[in-house]
Amino acid sequence: MASDAAAENMNEVGPGYVFKEEIHLTVLKTSLFFAGDGFTVYDCKGQLVFRVDSYGPDTRDRDELVLMDPNGRCLLTVRRKRPSLHQRWEGFKGERMDGDKPIFSVKRASIIGRSRASLTVEMYDNPGEEYQIEGCFSQRCCTVFNVTKESVAEIRRKVDPTTSVVLGKEVFSLCVKAGFDAAFAMGFVLVLDQINGEDYADSGATAEPAVHPTTDD
């Protein structure tokens with residue numbers, strides 16, 4: 001059940017995505033050839049929670065990504081801000097329209113370094129609310145910290161609970177702590193994939209078979 005009290009303390013993307021208990025989502029990258037091609041996100045019961053569609057490798061397509069619910073309703077739009085030395089992205093509630101103001105931005109804390117550089121999330125409607133993303137997204141190992149350095153979300157490699165085998169990087173876990181908006185957390189994943197995402201084709205990585213998640217461990 002979503003937590004109404006928690007939602008009052010932060011910008012809520014949409015109803016039903018702030019929970020009273022920690023939740024574990026399985027994120028499946030739906031194409032392995034270009035960063036940001038698409039995602040489907042499932043809960044621990046195998047039910048679709050979020051989806052992100054993409055229509056090809058064109059740069060214009062990747063400058064703006066839309067997070068949707070299972071029915072295709074736009075929850076959150078992330079858009080690359082150009083020019084930006086810090087690779088800044090901005091987030092908008094729902095489908096972005098001309099003239100809309102962003103509700104948050106994500107940028108590199110430093111222009112030096114790549115995969116392990118930290119990112120800063122600034123909330124425009126609440127200057128006192130800020131987050132730091134630490135870790136290495138290409139290795140699917142990141143943590144989102146709030147201003148008091150408490151973990152509010154984590155990205156980790158997914159382990160098959162039946163075989164204890166670590167799955168390929170196209171399938172990973174998103175753990176969202178109680179009181180933090182899961183749609184916001186998934187919006188951060190979209191930005192991370194663009195900034196630090198791997199190009200499987202250029203790296204020569206071998207794609208492992210995609211699986212439809214059923215239950216989590």
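Reply: The largest cavity holds about 60 Å³ of space, a volume being the space filled by probe spheres set on grid points joined across faces, edges and corners. A cavity here is a set of points, on a 1 Å grid over the protein atoms alone, where a 1.4 Å probe fits but cannot get out. The count of cavities of 30 Å³ or more comes to 1.

This is a predicted model, in which local features need pLDDT of at least 70 and side-chain atom pairs count only at pLDDT 80 or more, while totals for chains, interfaces and linings use all residues. Residues are numbered from 1 along each chain as its sequence is written, and side-chain values use heavy atoms, without hydrogens and water.

The lining (residues with an atom within 4 Å of a point) consists of Cys142, Thr143, Val144, Ala153, Glu154, Ile155, Leu174, Ala185, Phe188, Val189 and Leu192. Two or more of these residues come from each of β10 (141–145), β11 (151–157) and α3 (182–196); helices (H or I, at least four residues) and strands (E, at least two) are DSSP runs, numbered from the N terminus. Helix α3 gives the largest share, 4 residues. By class, the lining has 9 nonpolar residues, 1 polar and 1 charged, where Ala, Val, Leu, Ile, Met, Phe, Trp, Tyr, Cys and Pro count as nonpolar, Asp, Glu, Lys and Arg as charged, and the others, Gly among them, as polar.

As for confidence, pLDDT (the predictor's confidence in each residue, from 0 to 100) is highest in β11, at a mean of 97, and lowest in helix α4 (residues 200–203), at 36.

Conventions: 1 Å grid on protein atoms, 1.4 Å probe; cavity = no way out; pocket = protein on both sides within 12 Å on 5 of 7 lines; lining within 4 Å.
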